[in-house]
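Please open the structure in your viewer and keep the selection tool at hand. The tour below goes from stop to stop, saying what to select and what is there.

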Protein chains: 4
Amino acid sequence: MAKLRIALISTGGTIEKTYDELRGVLHNEIHVLDVMLASLQLEGVEIVRERLMNKDSLEMSDGDHTLIAETAGSLAGIHEGVLIVHGTDTLEVTGERLVTLLATPRVPIVLTGAMRPYVMRNTDALQNLTEALLAVQILDPGIYVAMHNKVLRFPGATKQRTKGTFVRSGDKPT
Amino acid sequence: MAKLRIALISTGGTIEKTYDELRGVLHNEIHVLDVMLASLQLEGVEIVRERLMNKDSLEMSDGDHTLIAETAGSLAGIHEGVLIVHGTDTLEVTGERLVTLLATPRVPIVLTGAMRPYVMRNTDALQNLTEALLAVQILDPGIYVAMHNKVLRFPGATKQRTKGTFVRSGDKPT
Amino acid sequence: MAKLRIALISTGGTIEKTYDELRGVLHNEIHVLDVMLASLQLEGVEIVRERLMNKDSLEMSDGDHTLIAETAGSLAGIHEGVLIVHGTDTLEVTGERLVTLLATPRVPIVLTGAMRPYVMRNTDALQNLTEALLAVQILDPGIYVAMHNKVLRFPGATKQRTKGTFVRSGDKPT
Amino acid sequence: MAKLRIALISTGGTIEKTYDELRGVLHNEIHVLDVMLASLQLEGVEIVRERLMNKDSLEMSDGDHTLIAETAGSLAGIHEGVLIVHGTDTLEVTGERLVTLLATPRVPIVLTGAMRPYVMRNTDALQNLTEALLAVQILDPGIYVAMHNKVLRFPGATKQRTKGTFVRSGDKPT
């Protein structure tokens, strides 16, 4: 059984942040995602990496969101699924932009991110990446966020900030 | 949005093995699965634990496989999904038994396990449990194994022993 | 053979920093040191904890350094060794203050810290704490920093900032 | 300040055991020690590796113990310290053999090992190796075991089997 060819667009965000010990701060470094991928046993997908940008999502411009959505749309035409690793703060802006630009794509497009960087012991990055890499294989075509053991469809998914996870718009925090 | 109520049947297997430092061997201990569950952020499912047995799957009798399948069948009637944590060596025996007894269940029944115990640094246990906990929410009703970034349906999934992962029966190792 | 009674003064610093996922920053939280101690097998010492302050050492006042030194001096009178967990940026100020106030103490006083917080996967915190907890048992009375597989005596130890470790004053970076 | 040149004799033992996922057992593999060394920040010593054998110490012959002791004696003549990584079950046989053959060596000879392999999450291997790598720099010439936050001198150190750590011969378990 052949593996599915999946495009993986990286854009930065908390998931890829590392620690600068001389300055004592966290910053974004691109190779973290490769370390994460190497730590997983991937029998279902073959990853095609697209390093698009490397930004804290709070610093993304409107043009950045459009660029990510257009790139995902193009890659959806020639792959069996698209994954987007994205900062959670404005992930929903890119999600809604994808809906606007693509309506229903040919294949599943799954966004994911993390609240705690991979370099932390208690990171949620591996869980979320693992989920997105599985969800992209079995979901119907559409635009989704997969994180924290949950898949939500765009339009209508939003970050619940006090809880630090995604919910359906209008849902009360639990 | 309410969480899905999922039954989690534990049966033992490599995934739950721990190390006995005084004897220098690995053995099965039940609470490992609880530690794993606590390390994940579960926003999609509410877990109902069913500690059925705690065996290396090579030591399961024919009656054990039937007992697991019957228990899963019963729990499928009153939950929105069933997960079975199982040793990989005879996981497919339970998978095929489920097909024989239940044909198509009311909800997804997902088996998973691990090649390297959770207590190992390079374990695949968390990856596989994470995948099973997501797959059970989005798959159609049926009987599956979810492991190593892949979901396979029973009948017809089998352990490829030299590679240490599951494939479709008849597939050549890659 | 009885364990040695060792006083452990915590003052904060990078070693104890944790990650605030809602704000995306690192901050100091006191219980990290207890988690670290619980992860070690301590057959040589019995720890008496003294939670003195919880500061980034760049924010310590001159009075803070004196307070730490005086507290260590008092505890040195009634324990078989004293450990001080301290931010590395001004660790040497406290080290030299100890020399000024105590000259040669009755028992070893060992300072340690970390360049990468314990919550990071690649932390040096456990290595340094492990070293300090052993060094305090076998060094002669005196004032030391133990970190990164090295013990240096005060006066004369200083942080080599570009390399992120301690050296003898006047030593060139290697 | 130059680093001390330390000889590190590896002989196998639990500390280096890895997991064979296809057979489900633990076995000895030599490169684990290199992974451990790479994970530590070693500013005090320069390591000269001597891969002497790779055995479970229960399987060492009398000749093996003599070979290890003689090798350590030779290396003690041309290094500033000697470390021996050894299975704990017969570590004391090698320790006493060193005393018989060398009486007081020119430099410190420190034995260490582990109760739980490095590949386990809750290993004591890194703690023990860290301690031995520091102790060898500050101890007087002699023959020692360093493990579990404690340094004991040969002759007279022995493994307390029910507790899984080393004590002075004749000491009661605590």
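Begin by selecting Thr71(A), which lies in helix H2 (residues 62-76) of chain A; helices (H or I, at least four residues) and strands (E, at least two) are DSSP runs, numbered from the N terminus. This is a predicted model, in which local features need pLDDT of at least 70 and side-chain atom pairs count only at pLDDT 80 or more, while totals for chains, interfaces and linings use all residues. Residues are numbered from 1 along each chain as its sequence is written, chains are lettered from A and ligands numbered from 1 in the order in which they are written, and side-chain values use heavy atoms, with hydrogens and water left out.

Stay with Thr71(A), which counts as buried at 15% relative accessibility (buried means under 20% relative accessible area, exposed over 50%, partly exposed in between, with a 1.4 Å probe and protein chains only). Its side chain reaches the backbone oxygen of Leu67(A) at 2.7 Å. If neighbours within four places in sequence are left aside, Thr71(A) is in contact (heavy atoms within 4.5 Å) with Ile9(A), Glu50(A) and Leu52(A).

Next select Arg49(A), whose place is in strand S4 (residues 45-51) of chain A. Is Arg49(A) buried or exposed? At 18% relative accessibility, Arg49(A) counts as buried. Its side chain makes a polar contact with that of Asp34(A) at 2.9 Å, and another polar contact, of 3.1 Å, joins the side chains of Arg49(A) and Ser10(A). A polar contact is a pair of N or O atoms within 3.5 Å; within protein, one must be able to donate a hydrogen and the other to accept it, and residues adjacent in sequence count only if both atoms are side-chain atoms.

Now select Arg161(A) together with Asp89(A), whose side chains meet in a salt bridge (3.2 Å, N to O); the term stands for a side-chain nitrogen of Lys or Arg within 4 Å of a carboxyl oxygen of Asp or Glu. The two residues are 72 residues apart, with Arg161(A) in the loop between strand S9 (157-160) and strand S10 (165-168), and Asp89(A) in the loop between strand S5 (82-85) and helix H3 (91-102) of chain A. Arg161(A) is partly exposed at 45% relative accessibility, and Asp89(A) is partly exposed with a relative accessible area of 25%.

Move to chain D and select Lys163(D) with Glu43(C), which form a salt bridge whose closest N and O atoms are 2.9 Å apart. Between chain D and chain C the count is 2 salt bridges, and there are 18 residue pairs in polar contact, both residues at pLDDT 80 or more. On the side of chain D that touches chain C, helix H4 (125-138), strand S8 (150-153) and strand S10 (165-168) each supply at least two residues, and the largest share, 8 residues, comes from H4(D).

To see the whole contact, select both chains: 28 residues from chain D and 28 residues from chain C take part.

Finally, show chain A and chain B, where chain A can be laid on chain B with an RMSD of 0.0 Å by a turn of 180° and a shift of 0.0 Å along the axis (superposed by least squares on the C-alpha atoms of residues with pLDDT of at least 70 in both). The two copies are thus related as by a two-fold rotation axis.
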